[in-house]
Each structure stands twice: as structure tokens, then as C-alpha cells.
Amino acid sequence: MARSVLDQNIAGGRPIPKETGEDLMPFPMNRQFRAQPVLSEELRDEIYRMISQEGKSVRIVSEKLEVDMQRVGAVYRLKTIENQWVQEGKRLATPYARAVNEMLPKTPAPPNAKSRPIPHEPINDLPVHSATRNQLFHPVPESMHFNRTSAAKVFSRDLLPAEHRIPHPEMVELAKVAQEHRGRDDKVKERRDELEQGEAAALALKRERAGAREAAAMKIDNGRWLFRFENIKAESVGKDGRARGGVGARYGVPPQDRKKGQVKIPTRVV
């Protein structure tokens, strides 16, 4: 707040102009550093509204507003806690947050639903899989049609191709539809609506299963702790006891490298 008043006084009471490229480099001796923008308060409210009121999934909101899915999920969780604190009457550090936001570049929210949003960050970067960190020389005959799927199978039999491992594979499909039907925006919109309906159906099914699991669990509240008891199957741990559906999977499983009888030498060549 103090900086805002000071800047307005320096500018003669006029509104503060938008930051320039020089303003985004606050360290004179480090010209490679550029301050990255943060989400504006209006954009955070729009993210929360689209998820809580319109019932859209995190994936759809990320694609529409061009914000990473992890950031969208974090904004929704934090806004939920903020609204809960407001209902409980807890004090918020709103003046401090407003003062910090005034010092940083911000990504604004789109003015209306038809406006194209300003990209905040890349949302479709390919994550690095551990199986692709090795350098391989794989001979391929000239007559073989070698594509991304074939390259993924070289690294690992269970590895999916790049277009299936990106956060938004539906964007690749929409680009193919747009290229196939050039000048036909209705085809792209029709396919986008189909994808959103499928995403909404999957989200509704996920919420229904979570609600059924929550209802089936037995809860005991002693006033300080809430204990939850669920029925399990001993076979859910898998043959090696490390299946994701097994009990205790979230806490990790200790390695077997110090047990007797375990093979401690490489069994395959990459």
C-alpha cells in the first residue's frame, strides 16, 4: 500500500503505468533474471468459480485459462480454505497480500467468456519419464515405419507415446480436427463439446465413487480425533505386496535390497 501511494505521488497522482521489460529485471548484476507474473486476484476468483459453481474439471479450466493443472488445483484448494476461514470469522492478511500483489507483474483474467485468455505459463510440457533418461542406439531397418509409439516401446514396454503422456492430450486431437476441417470452426467446437461432456461424465463418476466410499466407511469421532475404518481385501496388495491398491501404499514400502536371497546385480541391459 505504501509503495502504491509513493509511486502515485512520484507520477503526479496519475495511474502507475504498466511495467516494462526493464522493470522486470530488479537485479542489475543479474540481467538473466526476469520476474515472472503471478495470478491476479480476479483470475484466481475465476478459477474457483468455474470449478465450484460451473462444476468444470481442473483439466478443462487449465485448458481454457492456460494455467497449469497443478496451479489450478492449488488455487482451488487455497480459495476453499480462505472461504472457510471467512465463514469461521478468522482474520485474513488481505492488506499484506494486496501490497505484495501490487509489486509483482500479474496475469489478468479474461474480460468475458469469449475473450482469449493471456497465457500464464506453458500447460502442455512433456514430463521427463525415468525410463527415457538413458541414451540408446536402436538400429531400425529402412523399411520399418518408426514413429513415437515405436520409440516409446524401445525405452520401456509399458511407456506410452509422447502425445498420450502430455497433460492435455485432447489439445492434440483438437489440432488434428482443426487441420482436417480447415475453416470449419463448428467442427472444432463440436469436438470440444464432446470432450468436455466426456470429462464431465468422468468427473461425476469419480465423485460418485468417492461419495460411496466415504459413506461405506465407519467413522468414530471422540471429540478430538476422527477414526475411519474400511473393509479391505488381503489380495489387494498384489503378488509382491507393493500394489497401489494395497493397505499402506501411500506410506511407501521399504526396499528389498538388504533381504537375503534378493538379486542385487542388474538383470537386464538397457
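## A walk through the model, starting at the core

Start by selecting Leu39, Leu43, Ile47, Met50, Ile51, Val61, Leu65, Val67, Val72 and Val75: these 10 residues make up the largest nonpolar core. A nonpolar core here is a set of buried Ala, Val, Leu, Ile, Met, Phe, Trp, Tyr and Cys residues joined through side-chain atoms within 4.5 Å. Buried means under 20% relative accessible area, exposed means over 50%, and partly exposed lies in between (1.4 Å probe, protein chains only). Colour α2 (41-52), α3 (58-65) and α4 (69-88) next, as these are the elements that give two or more residues to this core. The largest share, four residues, comes from α2. Helices (H or I, at least four residues) and strands (E, at least two) are DSSP runs, numbered from the N terminus.

Before you go on, please note that this is a predicted model, in which local features need pLDDT of at least 70 and side-chain atom pairs count only at pLDDT 80 or more, while totals for chains, interfaces and linings use all residues. Residues are numbered from 1 along each chain as its sequence is written, and side-chain values use heavy atoms, with hydrogens and water left out.

**Stop 1**

Leaving aside neighbours within four places in sequence, Leu65 is in contact (heavy atoms within 4.5 Å) with Leu43, Glu46, Ile47, Met50, Pro110, Pro117 and Ile118. Now step along to Glu66, in the loop between α3 and α4. Most residues other than glycine have a negative phi. Glu66 is not a glycine, yet has a positive phi of about 55°. With a relative accessible area of 16%, Glu66 is buried.

**Stop 2: Lys79 in α4**

Select Lys79, which is found in helix α4. Is Lys79 buried or exposed? Its relative accessible area is 8%, so Lys79 counts as buried. Show the side chains of Lys79 and Glu41 to see the polar contact of 3.2 Å that joins them. A polar contact is a pair of N or O atoms within 3.5 Å; within protein, one must be able to donate a hydrogen and the other to accept it, and residues adjacent in sequence count only if both atoms are side-chain atoms. Not counting residues up to four places away in sequence, Lys79 touches Glu41, Arg44, Asp45 and Tyr48.

**Stop 3: the Tyr48 and Tyr76 rings**

Tyr48 leads on to the aromatic pairs. Rings of Phe, Tyr and Trp (its six-membered ring) pair if their centres lie within 6.5 Å; planes under 30 degrees apart count as stacked, over 60 as edge-to-face and the rest as tilted. By this rule there are two aromatic pairs. One of them is Tyr48 with Tyr76, a stacked pair at 5.5 Å centre to centre with 25° between the planes. Tyr48 lies in helix α2 and Tyr76 in helix α4, so the pair ties together parts that are 28 residues apart in sequence. Tyr76 is partly exposed, at a relative accessible area of 30%.

**Stop 4: where α3 meets α9**

Bring up α3 together with helix α9 (residues 185-216): their axes come within 9 Å and cross at roughly 145°. Axes are lines fitted to C-alpha atoms, for helices over the stretch in contact, and angles run from 0 to 180 degrees between N-to-C directions. Which residues make the contact? On α3, select Arg59, Ile60, Glu63 and Lys64; on α9, select Arg192, Glu196 and Glu199. By class, this contact has one nonpolar, no polar and six charged residues. Ala, Val, Leu, Ile, Met, Phe, Trp, Tyr, Cys and Pro count as nonpolar, Asp, Glu, Lys and Arg as charged, and the others, Gly among them, as polar.

**Stop 5: Thr107 in β2**

Jump to Thr107, in strand β2 (residues 106-107). At 3% relative accessibility, Thr107 is buried. Look for the polar contact of 2.7 Å between the side chains of Thr107 and His120. Beyond residues up to four places away in sequence, Thr107 touches Pro37, Val38, Leu39, Ser40, Leu43, Ile118 and His120.

**Stop 6: a loop and a proline**

Next, find His145 in the loop between β2 and α6 (148-155). His145 is exposed, with a relative accessible area of 67%. End at Pro161, in the loop between α6 and α7 (162-165). Pro161 is buried at 7% relative accessible area. Its contacts, leaving aside neighbours within four places in sequence, are Arg148, Thr149 and Ala152.
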